[in-house]
Every structure is written in C-alpha cells, then in structure tokens.
Amino acid sequence: MMRVIRVKDYQQISEKAFEIIKQTVTEKPDAVLGLATGSSPVGLYQLMIKDHRENGTSYREVRTFNLDEYVGLPKEHPESYYSFMHNNLFDHIDVKEENIHIPSSEGDLKEQCEAYNNALEEVQIDVQILGIGSNGHIGFNEPGTSFDSVTHIVDLNESTIKDNARFFDNDMSKVPAQAITMGISNVMAAKKIILVANGENKANAIQACVMGPVTEFVPASVLQEHPDVVIIIDEAAASSLYKEKR
Ligand code: F6R
C-alpha cells in the first residue's frame with residue numbers, strides 16, 4: 001500500500017521521515033536501515049544527528065545498508081557515497097563501522113555485486129529510505145531495469161549524470177559513468193519504504209511513481225506493489241498530482 005504525505009516544505013519532509021526512523025530504532029534498537037545518498041535525505045540525517053546529540057538516541061546496534069556507490073571513485077574521494085555517508089551521518093552518530101554496509105566498487109565488480117547481494121540476503125531491511133531521480137530511478141536503477149534485478153553494475157543515464165554534475169563542479173565529464181546499485185528486488189524486500197522528494201524537478205517522476213502504470217520504464221512505479229510505502233513530498237514535488245482536478 002502506498003501512502004502519500006504532502007507537506008509544506010523540505011523541513012517538514014525531513015521531520016516526517018525522522019519520526020518514522022526514530023520510532024523504528026526506539027522500538028527495535030537493532031533495526032536494519034536502508035539508506036540513500038543525494039540531497040533528499042540530508043535533512044533527515046541532520047535531524048537524526050541532532051536527536052542523537054540531544055536525546056541520546058543510539059544506533060549502536062543498528063545495521064545500515066546503502067543503496068549504491070559510484071564506480072571509479074576511490075572511497076576517500078569527497079564525492080564517493082562512502083564519504084558522503086560518513087560526512088553527513090555516520091561520523092556524527094554512534095553506529096559501529098562494522099555495521100555499516102556500502103557497496104564497494106573497488107576490485108572485481110562482479111565479486112563486489114555478489115558479496116553485497118549475499119549480505120543483503122542475510123537480513124531484512126526494516127526501513128528503506130529512498131530518493132527518486134528526475135527520471136524515476138530508485139537507487140541507480142535507471143528506466144528499463146528489470147523489477148527482478150539484484151545488486152548490479154549500471155551505466156548512468158545522461159539525465160542522471162546531468163542531475164549529479166552539481167556535485168562535480170557542474171562538469172558532466174567529471175561524474176562517474178557507472179555505479180553499483182542494489183537491484184529493484186532488493187529494495188522491494190524491505191519491510192517498509194520511505195521515499196522523500198522535494199522540488200519541481202521531481203514533480204513528473206512523482207506523478208508517474210504514484211499515479212502512472214506500473215512499468216519498468218518508471219522504476220519507482222514498482223513501489224505501488226509494495227505493502228508499506230510512505231511517499232513524503234513537498235508542494236512542488238506534488239504539483240503534478242491530481243493536476244486535472246485544478
Ligand atoms: C542515492 C540514490 C538516488 C537518489 C536520486 C535523487 O543513493 O540512490 O536514487 O536518491 O538520484 O537524488 P537527490 O536526492 O540528490 O535529488
């Protein structure tokens with residue numbers, strides 16, 4: 001079942017998502033969290049850090065699994081998702097390094113996909129955080145990816161490279177062309193999924209995700225088939241929903 005929560009702005013998106021995460025780790029201190037990078041969840045991560053500092057909410061027993069990582073950037077690169085997650089969350093809460101899982105694109109890529117997939121098969125993610133690409137991707141599962149996919153290597157679409165160039169001096173040639181990503185079936189295996197999206201740039205993708213046909217051309221549309229999805233969006237991202245009624 002898909003529940004859409006429309007709020008005023010980015011801060012309120014982050015607060016709603018945070019409520020769910022806080023409840024999850026309070027009720028289940030050894031919860032498994034699926035995490036995303038990119039701009040969308042940063043506000044949520046800031047609230048988790050603030051709450052950890054002020055209220056002592058602990059992540060000591062929590063295990064985390066990230067969706068994806070660029071191919072071709074060493075872990076230490078400031079724009080690797082390894083760095084992103086440490087800078088924006090992990091270095092500021094008490095999660096144990098050995099409980100953090102981020103796909104690695106170092107060494108043999110096929111082996112890395114297999115290893116990540118095996119690790120995912122041993123757990124069930126309690127809550128998976130997702131952003132959505134302006135082309136409807138989830139993780140780096142670009143349009144056309146099979147709903148049955150597991151962790152795999154992808155060629156990033158031009159639109160994704162363009163969207164992410166803002167992290168690379170607005171230079172598309174600096175954005176890695178490939179990534180390693182959890183597959184769609186890995187994402188769908190989570191008990192609960194929270195998708196956060198803000199801004200006009202996401203309006204069409206949100207419309208297709210929520211109201212469009214379930215099709216591999218819009219990876220996020222698969223979420224309509226998941227038993228427990230919460231889509232948290234601001235007014236701009238919601239602006240193409242129910243447009244015909246206005
Ligand atoms: C990130 C990820 C991507 C992003 C999406 C939106 O780990 O898997 O699917 O969630 O590209 O990115 P932002 O939030 O930067 O607009």
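A salt bridge is a side-chain nitrogen of Lys or Arg within 4 Å of a carboxyl oxygen of Asp or Glu. This model is predicted: local features need pLDDT of at least 70, side-chain atom pairs count only at pLDDT 80 or more, and totals for chains, interfaces and linings use all residues. Residues are numbered from 1 along each chain as its sequence is written, and side-chain values use heavy atoms, leaving out hydrogens and water.

**Stop 1.** Select Lys174 and Asp169. Their side chains form a salt bridge, 2.6 Å from N to O. Asp169 is exposed at 60% relative accessibility, and Lys174 is partly exposed at 43%. (Buried means under 20% relative accessible area, exposed over 50%, partly exposed in between, with a 1.4 Å probe and protein chains only.)

**Stop 2.** Now pick Asp51 and Lys22. This salt bridge spans 2.8 Å, N to O. Asp51 sits in helix H2 and Lys22 in helix H1, so the pair ties together parts 29 residues apart in sequence. (Helices, H or I, have at least four residues and strands, E, at least two; both are DSSP runs numbered from the N terminus.) Asp51 is buried, at 5%.

**Stop 3.** Stay in helix H2 and select His52. Is His52 buried or exposed? At 17% relative accessibility, His52 counts as buried. Beyond its neighbours within four places in sequence, His52 is in contact with residues including Tyr59, His92 and Asp94. (Contact means heavy atoms within 4.5 Å.)

**Stop 4.** Go to helix H3, residues 81-88. Tyr81, Ser83, Phe84, Met85 and His86 are buried there. Their cover includes helix H2 (42-55) and helix H5 (158-164).
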